Amino acid sequence: MTTFASGTDTLTRDALTVLQPGFTGTTAPDWLLRRLGEGLTTVGLFGRNITSPEQLAALTAQLRAERDDVLVAIDEEGGDVTRLEVRTGSSFPGNHALGAVDDVELTREVAAELGRRLAACGVNFNWAPSADVNSNPGNPVIGVRSFGADPALVARHTAAYVTGLQSAGVAACTKHFPGHGDTAVDSHLDLPRIDADPEVLAERELVPFRAAIAAGTRAVMSAHILVPALDPDHPATLSRRILTDLLRGELGYDGLIVTDGMEMRAISATYGIERGSVLALAAGADAICVGGGLADEETVRRLRDALVAAVRSGDLAEERLADAAQRIRTLARTTADVLPAAAGAGDEAVGLRAARRALKATGADGFTPLTEAPYVAALTPVANIAVGDDTPWGVAAELARLLPGTETGGFTGADAGRGVLEAAGHRRIVAVVRDEHRHPWMAAALDTLLAARPDTVVVEMGVPQATPRGALHLATHGAARVCGRAAAEVIAGV
């Protein structure tokens with residue numbers, strides 16, 4: 001594709017402005033700084049870009065030295081999906097735990113503290129909260145990222161989260177419109193489909209988004225899902241019926257519309273990222289998110305040139321591109337004062353308090369806390385792509401702190417149960433699972449363990465759909481570090 005060399009003409013600047021790219025490394029590469037000077041206005045950060053709050057603050061300062069109103073975005077949901085604490089696990093329990101507590105003031109406080117920490121690092125835009133109603137318990141990508149399966153509960157907590165996050169000066173980006181909860185396919189891998197009629201969608205999927213809009217969410221992220229009742233031909237990200245007619249028209253939303261990652265296979269494998277980006281802009285999206293998997297200068301150049309070429313060929317209206325670019329610049333200006341000095345003091349312990357309140361114990365009345373180091377068996381499913389492989393989970397680290405000498409191992413597959421018994425020896429077993437109901441091998445492993453060792457403690461760190469069992473069953477409603485700590489405290493009796 002021809003590269004348009006000029007970085008200063010209006011059309012090219014607008015094409016750069018609507019891109020929200022990522023990059024590799026913990027400092028900004030020269031190409032990114034150059035693009036900021038040419039019109040790029042927003043940048044996405046991922047776990048690979050972050051090693052500490054201090055380093056992150058230095059990185060965002062580097063970006064602002066080039067463009068003082070840069071919109072710095074991050075995927076920081078708290079809970080299982082964390083970028084601030086990608087290598088340690090989150091200090092916040094995540095949406096499902098907050099929904100289990102069902103205290104909207106607590107949700108607001110958690111989101112406000114998370115926002116304060118983002119602001120302290122110079123981040124002013126968060127791809128959160130997830131407003132998806134997890135109506136399908138077999139959902140492989142949402143799960144504990146959702147506040148729950150009840151639309152009214154999800155709605156009130158989505159609104160509280162938006163309010164709390166934005167009270168810290170960080171723009172909320174409510175996702176994944178029109179709702180990713182009733183899916184059995186991960187859109188990172190393929191194109192999911194929701195076969196619900198319009199009445200069900202209005203009473204289930206759309207309820208939390210209406211609440212988010214009423215709460216003033218600054219942005220909404222589209223989902224790469226096909227919803228035939230709304231548009232039988234195009235996934236939501238590429239659908240004018242969904243983004244313009246429904247979201248802007250019927251729901252009255254006037255903020256920024258951001259796409260989910262365009263390199264996700266639901267889009268890239270069917271349309272390609274260049275054509276997909278053109279179609280998304282034409283449908284009503286304002287910001288093209290890319291960078292989770294494609295994070296290089298060539299990707300930015302390709303997408304910029306594709307948008308410019310689409311305008312010149314008539315496939316994309318120049319006015320639509322200009323409108324999208326202006327929406328991004330407006331939000332960038334209004335969030336430009338989110339600087340480290342403005343963050344102030346916060347409530348450092350609110351995440352742990354929330355995790356403790358979310359913990360549900362079954363069998364606790366007859367349980368005697370452990371006094372000797374156990375063997376922690378993590379029955380490990382394939383990692384959710386949104387969560388990633390880098391973030392630790394479980395209770396072993398926290399139990400080892402309380403009961404020195406605790407050992408752990410990871411197990412998967414048909415022989416997992418026998419493997420645990422051999423590895424544990426005479427030690428008390430703590431079996432840690434994630435979505436037992438979705439993994440037959442995991443349920444079979446627990447069958448084996450409990451038949452041989454009925455004193456096994458079971459910790460469910462996913463969606464607790466399976467019947468509680470074990471000498472003690474703890475449902476944490478998430479796998480964040482604080483969820484592990486809350487469970488470990490009960491097991492050790494502290």
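Analyst: Strands here are DSSP E runs of at least two residues, helices are H or I runs of at least four, and both are numbered from the N terminus. β2 and β3 (residues 71-74) run parallel and are joined by four bridges. Two strands pair if DSSP finds at least two bridges between them. Between β2 and β3 the chain passes through helix α3 (residues 53-66), and this β-α-β crossover is right-handed. Right-handed means that, with the strands pointing away from the viewer, the path from the first strand over the helix to the second runs clockwise.

The model is predicted: local features need pLDDT of at least 70 and side-chain atom pairs 80 or more, whereas totals for chains, interfaces and linings use all residues. Numbering starts at 1 along each chain as its sequence is written, and side-chain values use heavy atoms, without hydrogens and water.

Both faces of β2 are covered. T42 and G44 are buried on one side, V43 and L45 on the other. Buried means under 20% relative accessible area, exposed over 50%, and partly exposed in between (1.4 Å probe, protein chains only).

T41 sits in the loop between α2 (30-38) and β2 (42-45). T41 is also buried, at 0% relative accessibility. A polar atom of its side chain lies 2.9 Å from the backbone oxygen of G39. The side chains of T41 and R67 are joined by a polar contact of 3.5 Å. A polar contact is a pair of N or O atoms within 3.5 Å; within protein, one must be able to donate a hydrogen and the other to accept it, and residues adjacent in sequence count only if both atoms are side-chain atoms.

Beyond residues up to four places away in sequence, T41 touches T17, R67, D69, V70, L71, I328, R329 and A332. Contact means heavy atoms within 4.5 Å.

L45 is among the residues with the most contacts inside the largest nonpolar core, which has 105 residues. V18, F125, W127, F177 and V258 are also in that group. A nonpolar core is a set of buried Ala, Val, Leu, Ile, Met, Phe, Trp, Tyr and Cys residues joined through side-chain atoms within 4.5 Å. A second, separate core of 26 residues includes L370, M461, L472 and A488.
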